[in-house]
Amino acid sequence: MHTNYRPAAHCAWRMIDGVAFVVDSRNSTLHELSETGSFIWKLLEKGEKPDKIARQITDAYEVSLGEASRDVDEFMQQLQTYGLIAKTV
Amino acid sequence: MKHRGLTIRIGVVKICFDCPSHRWETLIKTHYRTFMAKNGRNAIPVTINGIFHPDTNIPDAGISATGDGWRIARSDFVSFTDKDFRHTLLGAALNRYSFNSWLRVFMTLVLAREGGMLLHSAGISHNGNTLLFGGVSGSGKSTITKILGKNTALSDELTLIYEKNGVLRGASAPFWGELKKDCGRRFDGPLKGIYFISHGQRLSAEKLTAAGAIKRILGCALFFSKDPAHVDKLLAISEKAARSVPVCSLEFSLQTTRQEILKCTQITGRRHIAPGG
């Protein structure tokens, strides 16, 4: 079962031309996400769960569900490492 | 003896200083004379404390949240501001450099709340409008200011961007770099372009995408607050600038003339079509 995540409270962000620019207010660091990362971030912002995000990736890009799930998990780990997302209850 | 308040106006921001001595009054009147306002109506009140105890453990200026407001501190100044900006108490070394450094940081805090920003940029007034030439230290802000002429210069270091009635404006600020102009000239006009400069062999300009523009703008913003709401406002005004005015990279050489640069800005300005415009 997947844990649910949301953008962390200390982050502010904007979507510009499909690219997510996320600023961590704790250290004023600007993170520019990749195309797929921005796609995932947009869905995270809406409160979508990782498994649903993976399914939407398979719809948008030509990848298998297994591959999409792995990509989403990996990306979530990266976001967690940087403290850009927080687990939700 | 009671000293009267002195009010300065920088762009949209008015600050009224309650000075503890004539020496403080003289410092403000001398170095901010072109920014003096006639009255302190709607100004943010700041009380300067005549007694200051330096904390040498804070080498770099910073803003930290206290329970009910913000603390700005460096080894030579410290201030406390309440959340509603109804009161600020400042203790600082009595010299223009300490005071000016504090004012820069304080302005970023005020503008973060108002939705404006200080951009590392030289600026000029041209035909009633403002043109900004942004860049990090060493990119050529003072050099381009010399080329464009000091008479129309707003600053060679930091200029103010804010929004009024839906239109972005660029205003002068009393914050200078290499040229060390005492107070400069006061100007506030519609923002007609931001050019991120670099030294090159010849003059060339290239319009940036909105994504490229916001990166450059954020990279040159003077910003200290760690409040996510303030960061959100900084992103909002940066996005507005990236989308509503031409934002370009501009390469120039020491041989480039004022006329060539202005012609270049006119061409990029004409090509620019704002979304929905």
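Predicted model: local features only at pLDDT ≥ 70, side-chain atom pairs only at ≥ 80, totals over all residues.
**Strands, helices and aromatic rings in chain B**

Strand β12 (residues 167-171) of chain B pairs with β13(B) in the antiparallel sense, and three bridges join the two. Strands of a sheet pair through backbone hydrogen bonds, and the pairing can be either parallel or antiparallel. Both senses turn up around β13(B): the pairing with β12(B) is antiparallel, whereas strand β9 (residues 129-134) of chain B pairs with strand β13 (residues 188-199) of chain B in the parallel sense, over five bridges. There, T130(B) has L191(B) in β13(B) as its bridge partner. A parallel pairing also links β13(B) with strand β16 (residues 247-252) of chain B, this time over six bridges. In that case H199(B) finds its bridge partner, F252(B), in β16(B).

Another part of chain B holds an open sheet of seven strands, arranged in the order β1-β2-β3-β7-β6-β5-β4, with mixed pairing. Which strands stand at its edges? They are β1 (5-10) and β4 (62-66) of chain B; each has a single partner strand, so one side of each is left without a neighbour in the sheet. On average, neighbouring strands of this sheet are turned by 20° against each other, with direction ignored. Inside the sheet, β2(B) and strand β3 (residues 44-49) of chain B run parallel and are joined by four bridges. One position to look for here is I15(B), whose bridge partner in β3(B) is I44(B).

Helix α1 (residues 22-31) of chain B lies across β1, β2, β3 and β7 (88-92) of chain B, and runs at about 25° to β1(B). Helix α2(B) lies across β1, β2, β3, β4, β5 (69-74), β6 (77-82) and β7 of chain B, running at about 135° to β2(B).

The side chains bring in the next feature, the aromatic rings. A pair of aromatic rings is described by the distance of the centres and the angle of the planes. Over all chains, a search of the whole structure finds eleven aromatic pairs. In one of them, the rings of F17(B) and F99(B) have centres 5.2 Å apart and planes at 65°; an angle over 60 degrees counts as edge-to-face, so this pair is edge-to-face. The pair links distant parts of the chain, with F17(B) in strand β2 (residues 13-18) of chain B and F99(B) in helix α2 (residues 96-114) of chain B, 82 residues apart.

W102(B) and F106(B) form a stacked aromatic pair, 4.7 Å centre to centre with 15° between the planes. These two residues are four residues apart in helix α2 of chain B, so about one helical turn separates them. W102(B) is buried at a relative accessible area of 0%, and F106(B) is likewise buried at 0%. Ring pairs link F17(B), W24(B), Y32(B), W70(B), F85(B), F99(B), W102(B) and F106(B) into a cluster. F85(B), a member of this cluster, also has a charge above its ring: the charged end of R113(B) sits over it, 4.2 Å from the ring centre.

T159(B) belongs to strand β11 (residues 158-164) of chain B. At 0% relative accessibility, T159(B) counts as buried, because buried means under 20%. Its side chain joins that of S121(B) through a polar contact of 2.4 Å. Leaving aside neighbours within four places in sequence, T159(B) is in contact with several residues, including M117(B), L118(B), S121(B), L132(B), L154(B) and A171(B).

N127(B), in turn, is found in the loop between β8 (117-126) and β9 of chain B. N127(B) is exposed, with a relative accessible area of 66%. Its side chain makes a polar contact of 3.4 Å with the side chain of H126(B). How far is N127(B) from Y32(B) in sequence and in space? The two are 95 residues apart in sequence and 25 Å apart in space, C-alpha to C-alpha.

Methods
Residues numbered from 1 in each chain as written. Chains lettered and ligands numbered in written order. Heavy atoms only, no water. Phe/Tyr/Trp six-rings, centres within 6.5 Å; stacked < 30°, edge-to-face > 60°. Buried < 20%, exposed > 50% of the residue type's maximum accessible area, 1.4 Å probe, protein only. Lys NZ or Arg CZ within 6 Å of the ring centre and 35° of its normal. Pairing = 2+ DSSP bridges. Axes fitted to C-alpha atoms, helices over the stretch in contact; angles between N-to-C directions. Contact = heavy atoms within 4.5 Å. Polar contact = N/O pair within 3.5 Å; in protein donor to acceptor, adjacent residues only side chain to side chain.
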